[in-house]
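Trainee: I have a new structure to read. Could you walk me through its features, one at a time?

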Amino acid sequence: MKLLHIDSSVLGDNSVSRLLTAELVKAVKAKHANATVNHRDVAANEIAHLSGEILGAGFMPESDWNAKQRAERALTEELISEFLAADVVVIGAPMYNFSIPSQLKAWIDRVAAAGRTFKYTETGPQGLAGGKKVIVASSRGGSYSSEQGRLMDFQEDYLKTVMGFFGITDVEFVRAETVNMGEENRKRAIADAKDAIAALAL
(Lines give C-alpha, C1' and ligand atoms only; values in the text may rest on other atoms or scores of the structure.)
Protein backbone atom coordinates (compact mmCIF):
# COMPACT_ATOMS: atom_id res chain seq x y z
CA MET A 1 0.00 0.00 0.00
CA LYS A 2 1.16 3.50 -0.86
CA LEU A 3 -0.06 6.31 1.38
CA LEU A 4 0.20 10.01 0.52
CA HIS A 5 0.08 12.23 3.61
CA ILE A 6 -0.72 15.91 3.00
CA ASP A 7 -0.48 18.55 5.75
CA SER A 8 -1.54 22.14 5.16
CA SER A 9 -1.93 23.82 8.55
CA VAL A 10 0.36 26.76 9.26
CA LEU A 11 0.15 26.21 13.04
CA GLY A 12 2.92 23.65 13.42
CA ASP A 13 2.80 21.77 16.72
CA ASN A 14 -0.38 23.67 17.71
CA SER A 15 -2.30 22.24 14.76
CA VAL A 16 -5.22 19.92 15.40
CA SER A 17 -5.36 18.74 11.78
CA ARG A 18 -1.68 17.74 11.95
CA LEU A 19 -2.32 15.80 15.13
CA LEU A 20 -5.18 13.96 13.42
CA THR A 21 -3.31 13.20 10.19
CA ALA A 22 -0.50 11.70 12.29
CA GLU A 23 -3.08 9.52 14.06
CA LEU A 24 -4.56 8.49 10.72
CA VAL A 25 -1.19 7.53 9.27
CA LYS A 26 -0.39 5.60 12.44
CA ALA A 27 -3.71 3.74 12.18
CA VAL A 28 -3.12 2.82 8.53
CA LYS A 29 0.39 1.57 9.24
CA ALA A 30 -0.88 -0.48 12.18
CA LYS A 31 -3.20 -2.38 9.83
CA HIS A 32 -0.86 -2.42 6.83
CA ALA A 33 2.64 -3.06 8.10
CA ASN A 34 4.21 -2.80 4.66
CA ALA A 35 2.60 0.55 3.83
CA THR A 36 4.96 3.20 2.51
CA VAL A 37 4.27 6.82 3.43
CA ASN A 38 5.08 9.89 1.35
CA HIS A 39 4.62 13.03 3.45
CA ARG A 40 4.14 16.37 1.72
CA ASP A 41 3.86 19.45 3.90
CA VAL A 42 2.42 22.16 1.67
CA ALA A 43 2.62 24.76 4.45
CA ALA A 44 6.29 24.25 5.28
CA ASN A 45 7.17 23.80 1.61
CA GLU A 46 4.68 25.97 -0.21
CA ILE A 47 3.65 25.27 -3.77
CA ALA A 48 3.53 28.39 -5.92
CA HIS A 49 0.01 29.43 -6.82
CA LEU A 50 -0.83 29.17 -10.48
CA SER A 51 0.20 32.12 -12.60
CA GLY A 52 0.06 33.03 -16.25
CA GLU A 53 3.75 32.21 -16.52
CA ILE A 54 3.33 28.73 -15.04
CA LEU A 55 0.21 27.92 -17.06
CA GLY A 56 1.66 29.44 -20.20
CA ALA A 57 4.27 26.69 -20.43
CA GLY A 58 1.52 24.31 -21.48
CA PHE A 59 0.88 26.36 -24.59
CA MET A 60 4.41 26.70 -25.91
CA PRO A 61 7.22 24.38 -27.00
CA GLU A 62 9.32 23.01 -24.15
CA SER A 63 12.38 24.51 -25.83
CA ASP A 64 10.93 27.96 -25.12
CA TRP A 65 10.37 27.42 -21.39
CA ASN A 66 12.32 29.61 -19.01
CA ALA A 67 13.99 28.26 -15.86
CA LYS A 68 10.96 28.91 -13.66
CA GLN A 69 8.62 27.19 -16.07
CA ARG A 70 10.87 24.14 -16.23
CA ALA A 71 11.06 23.90 -12.45
CA GLU A 72 7.33 24.37 -11.96
CA ARG A 73 6.40 21.88 -14.68
CA ALA A 74 8.69 19.32 -13.04
CA LEU A 75 7.06 19.96 -9.65
CA THR A 76 3.57 19.65 -11.13
CA GLU A 77 4.48 16.29 -12.67
CA GLU A 78 5.87 15.11 -9.34
CA LEU A 79 2.69 16.12 -7.49
CA ILE A 80 0.40 14.45 -10.03
CA SER A 81 2.45 11.26 -10.15
CA GLU A 82 2.55 10.78 -6.38
CA PHE A 83 -1.17 11.48 -6.11
CA LEU A 84 -2.04 8.96 -8.82
CA ALA A 85 0.31 6.35 -7.32
CA ALA A 86 -1.27 6.53 -3.85
CA ASP A 87 -3.76 3.92 -2.67
CA VAL A 88 -4.73 6.05 0.32
CA VAL A 89 -4.50 9.84 0.61
CA VAL A 90 -4.67 11.45 4.05
CA ILE A 91 -5.32 15.20 3.86
CA GLY A 92 -5.06 17.59 6.79
CA ALA A 93 -7.55 20.35 6.03
CA PRO A 94 -8.19 22.99 8.70
CA MET A 95 -10.98 25.45 8.02
CA TYR A 96 -9.61 28.91 7.29
CA ASN A 97 -12.23 31.61 6.80
CA PHE A 98 -14.93 29.05 5.93
CA SER A 99 -12.73 27.29 3.34
CA ILE A 100 -9.36 25.53 3.08
CA PRO A 101 -5.83 26.97 3.40
CA SER A 102 -4.59 28.57 0.19
CA GLN A 103 -1.57 26.27 0.40
CA LEU A 104 -3.87 23.24 0.05
CA LYS A 105 -5.72 24.93 -2.80
CA ALA A 106 -2.38 25.41 -4.59
CA TRP A 107 -1.76 21.66 -4.33
CA ILE A 108 -5.24 20.89 -5.68
CA ASP A 109 -4.71 23.28 -8.58
CA ARG A 110 -1.60 21.32 -9.58
CA VAL A 111 -3.13 17.82 -9.37
CA ALA A 112 -6.30 18.92 -11.17
CA ALA A 113 -4.81 18.11 -14.56
CA ALA A 114 -6.90 17.42 -17.66
CA GLY A 115 -5.91 14.09 -19.18
CA ARG A 116 -4.30 12.91 -15.94
CA THR A 117 -6.79 13.14 -13.06
CA PHE A 118 -9.87 13.96 -15.15
CA LYS A 119 -10.96 14.38 -18.74
CA TYR A 120 -13.81 16.03 -20.59
CA THR A 121 -16.09 13.84 -22.68
CA GLU A 122 -19.16 14.44 -24.83
CA THR A 123 -21.31 13.61 -21.81
CA GLY A 124 -19.35 15.73 -19.33
CA PRO A 125 -16.23 15.42 -17.17
CA GLN A 126 -14.94 12.01 -16.16
CA GLY A 127 -12.60 11.34 -13.24
CA LEU A 128 -9.43 9.35 -13.92
CA ALA A 129 -8.07 8.95 -10.38
CA GLY A 130 -10.62 6.56 -8.92
CA GLY A 131 -9.86 3.41 -6.96
CA LYS A 132 -8.22 5.15 -4.03
CA LYS A 133 -9.42 6.11 -0.57
CA VAL A 134 -9.21 9.70 0.70
CA ILE A 135 -9.46 10.51 4.40
CA VAL A 136 -9.69 14.17 5.35
CA ALA A 137 -8.76 15.35 8.83
CA SER A 138 -11.04 18.37 9.15
CA SER A 139 -10.50 20.83 12.00
CA ARG A 140 -12.71 23.83 12.73
CA GLY A 141 -12.47 26.51 15.37
CA GLY A 142 -16.26 26.80 15.62
CA SER A 143 -19.26 24.59 14.97
CA TYR A 144 -20.40 24.08 11.39
CA SER A 145 -22.34 20.81 11.53
CA SER A 146 -25.67 22.43 12.28
CA GLU A 147 -28.06 23.46 9.53
CA GLN A 148 -27.01 27.09 9.93
CA GLY A 149 -23.34 26.17 10.17
CA ARG A 150 -23.41 24.15 6.96
CA LEU A 151 -24.38 27.29 5.06
CA MET A 152 -20.90 28.61 5.88
CA ASP A 153 -19.03 25.39 5.07
CA PHE A 154 -16.97 25.77 1.91
CA GLN A 155 -14.33 23.39 3.25
CA GLU A 156 -15.60 19.83 3.42
CA ASP A 157 -18.13 20.13 0.58
CA TYR A 158 -15.44 21.60 -1.66
CA LEU A 159 -12.99 18.78 -0.95
CA LYS A 160 -15.63 16.11 -1.49
CA THR A 161 -16.62 17.75 -4.79
CA VAL A 162 -13.04 17.99 -6.02
CA MET A 163 -12.26 14.38 -5.15
CA GLY A 164 -15.48 13.29 -6.84
CA PHE A 165 -14.46 15.25 -9.93
CA PHE A 166 -11.26 13.19 -9.93
CA GLY A 167 -13.38 10.02 -9.82
CA ILE A 168 -12.78 9.27 -6.14
CA THR A 169 -15.97 8.17 -4.40
CA ASP A 170 -14.43 6.73 -1.22
CA VAL A 171 -13.97 9.95 0.77
CA GLU A 172 -14.28 10.04 4.55
CA PHE A 173 -13.99 12.93 6.99
CA VAL A 174 -12.67 12.83 10.53
CA ARG A 175 -13.84 16.06 12.10
CA ALA A 176 -12.78 18.04 15.16
CA GLU A 177 -15.03 21.07 15.73
CA THR A 178 -15.11 23.87 18.32
CA VAL A 179 -11.37 23.56 18.92
CA ASN A 180 -11.11 27.31 19.54
CA MET A 181 -14.10 27.47 21.88
CA GLY A 182 -12.38 26.66 25.14
CA GLU A 183 -9.99 23.98 26.34
CA GLU A 184 -12.69 21.50 27.29
CA ASN A 185 -14.29 21.71 23.85
CA ARG A 186 -10.89 21.27 22.23
CA LYS A 187 -10.06 18.17 24.29
CA ARG A 188 -13.47 16.65 23.66
CA ALA A 189 -13.28 17.31 19.91
CA ILE A 190 -9.85 15.73 19.62
CA ALA A 191 -10.89 12.71 21.70
CA ASP A 192 -14.00 12.20 19.56
CA ALA A 193 -11.94 12.49 16.38
CA LYS A 194 -9.46 9.91 17.65
CA ASP A 195 -12.36 7.56 18.42
CA ALA A 196 -13.61 8.08 14.86
CA ILE A 197 -10.18 7.20 13.51
CA ALA A 198 -10.10 4.01 15.56
CA ALA A 199 -13.48 3.02 14.07
CA LEU A 200 -12.48 3.57 10.45
CA ALA A 201 -12.27 0.65 8.05
CA LEU A 202 -8.73 0.99 6.75
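Predicted model: local features only at pLDDT ≥ 70, side-chain atom pairs only at ≥ 80, totals over all residues.

Trainee: Why is Tyr120 called exposed?

Mentor: The label exposed needs over 50% relative accessible area. Tyr120 has 60%, so Tyr120 is exposed.

Trainee: In which strand does Tyr120 lie, and what is Tyr120 in contact with beyond its neighbours within four places in sequence?

Mentor: Tyr120 belongs to strand E4, residues 118–121. Leaving aside those neighbours, Tyr120 contacts Pro125 and Phe165. The C-alpha atom of Ser17 is 34 Å from that of Tyr120, and the two residues are 103 places apart along the chain.

Trainee: Now the interior. What is the general idea behind a nonpolar core?

Mentor: In soluble globular proteins, nonpolar side chains tend to be buried together. Here, the largest nonpolar core has 26 residues. Those with the most contacts inside it are Phe83, Ile91, Leu104, Trp107, Met163 and Phe166. Elements giving two or more residues to this core include strand E1 (2–7), helix H3 (67–85), strand E3 (88–94) and helix H4 (102–111). H4 gives the largest share, five residues.

Trainee: What does Ile91 touch, not counting residues up to four places away in sequence?

Mentor: Ile91 touches Ile6, Thr21, Leu104, Trp107, Val134, Ile135, Val136, Ala137 and Met163. Another core, of 19 residues, lies apart from the largest one. Val90, Val174, Val179 and Ile197 are among its residues.

Trainee: How do I read a helix such as H3, and which of its residues are buried?

Mentor: An α-helix has 3.6 residues a turn, so residues three or four places apart point the same way. In H3, the buried residues are Gln69, Glu72, Thr76, Leu79, Ile80, Glu82 and Phe83. Their cover includes E1, strand E2 (36–41), helix H2 (52–56), E3, H4 and H6.

Trainee: What span should the 19 residues of H3 have?

Mentor: At 1.5 Å a residue, H3 should span 27 Å. Its end C-alpha atoms are 27 Å apart, which agrees. Look at the N-terminal end too. Asn66 caps H3 there, with a side-chain oxygen 3.1 Å from the backbone nitrogen of Lys68.

Trainee: Last, pockets. What volume does the largest pocket have, and which residues lie nearest its centre?

Mentor: For a pocket, read the volume, then the lining. The volume of the largest pocket is about 370 Å³. Its lining has 14 residues, and Leu55, Arg73, Thr76, Arg110 and Ala113 lie nearest the centre. H2, H3 and H4 each supply at least two lining residues. The largest share, four residues, comes from H3.

Technical notes
Residues numbered from 1 in each chain as written. Heavy atoms only, no water. Buried < 20%, exposed > 50% of the residue type's maximum accessible area, 1.4 Å probe, protein only. Contact = heavy atoms within 4.5 Å. Core = buried A, V, L, I, M, F, W, Y, C linked by side-chain atoms within 4.5 Å. Expected span 1.5 Å × (residues − 1). Polar contact = N/O pair within 3.5 Å; in protein donor to acceptor, adjacent residues only side chain to side chain. 1 Å grid on protein atoms, 1.4 Å probe; cavity = no way out; pocket = protein on both sides within 12 Å on 5 of 7 lines; lining within 4 Å. Points joined across faces, edges and corners; volume = space filled by probe spheres on them.
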